[in-house]
Amino acid sequence: MSDQYVEVPKEILTDKDLNYLSDMFEWNYGALKKTNESISNTDDLEIITLLEKACSLFDSNLNLVLDILGEREDVNNG
């Protein structure tokens, strides 16, 4: 069997891909934690609303990364 592909399968993730996805996850996870912390440190409702929208964005990004890695169901069920 040959190790060469006519077309690269879409399911393959390279080490570079995994490193980038790991970085993306860490950036968004860190931002989510800091944003949640900021919400508890302010009383301004307008700022809280904006921070909650940011949290939603970071959470969405985290889920996208997990979907790419095929881990989302395992994380949510475990």
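Predicted model: local features only at pLDDT ≥ 70, side-chain atom pairs only at ≥ 80, totals over all residues.
Residues are numbered from 1 along each chain as its sequence is written, and side-chain values use heavy atoms, with hydrogens and water left out.

The protein contains three helices and zero strands, in the order α-α-α from the N terminus. Helices (H or I, at least four residues) and strands (E, at least two) are DSSP runs, numbered from the N terminus. Of the 78 residues, 19% are buried, where buried means under 20% relative accessible area, exposed means over 50%, and partly exposed lies in between (1.4 Å probe, protein chains only). Contact is defined as heavy atoms within 4.5 Å. Among contacts between residues at least 6 apart in sequence, 47% join residues at least 24 apart.

Helix α1 covers residues 15-40. Its 26 residues reach 38 Å from the first C-alpha to the last, close to the 38 Å expected at 1.5 Å a residue; the expected span is 1.5 Å times one less than the number of residues. The buried residues in α1 are Leu21, Asn28, Leu32, Thr35 and Ile39, and their cover includes α2. Asn28 counts as buried because its relative accessible area is 10%. Leaving aside neighbours within four places in sequence, Asn28 is in contact with Phe58, Asn61 and Leu62.

Helix α2 comprises residues 45-69, and its 25 residues reach 36 Å from the first C-alpha to the last, close to the expected 36 Å. At the start of α2, a side-chain oxygen of Asp44 reaches to within 2.9 Å of the backbone nitrogen of Glu46. The buried residues of α2 are Ile48, Leu51, Ala54, Cys55, Phe58, Leu62, Asn63, Val65 and Leu66. After α2 comes Gly70, with a positive phi near 70°.

The accessible surface of the protein comes to about 6,700 Å², by the Shrake-Rupley method with a 1.4 Å probe. Carbon and sulfur atoms account for 51% of this surface. Leu13, Leu18, Ile68 and Leu69 make a nonpolar surface patch of about 310 Å². Leu18, which lies in α1, is partly exposed because its relative accessible area is 37%.

Note on methods. Patch = residues over 30% accessible without salt bridge, like charges linked within 9 Å, V, L, I, M, F, W, Y side chains within 5 Å. Salt bridge = Lys/Arg side-chain N within 4 Å of Asp/Glu carboxyl O. Polar contact = N/O pair within 3.5 Å; in protein donor to acceptor, adjacent residues only side chain to side chain.
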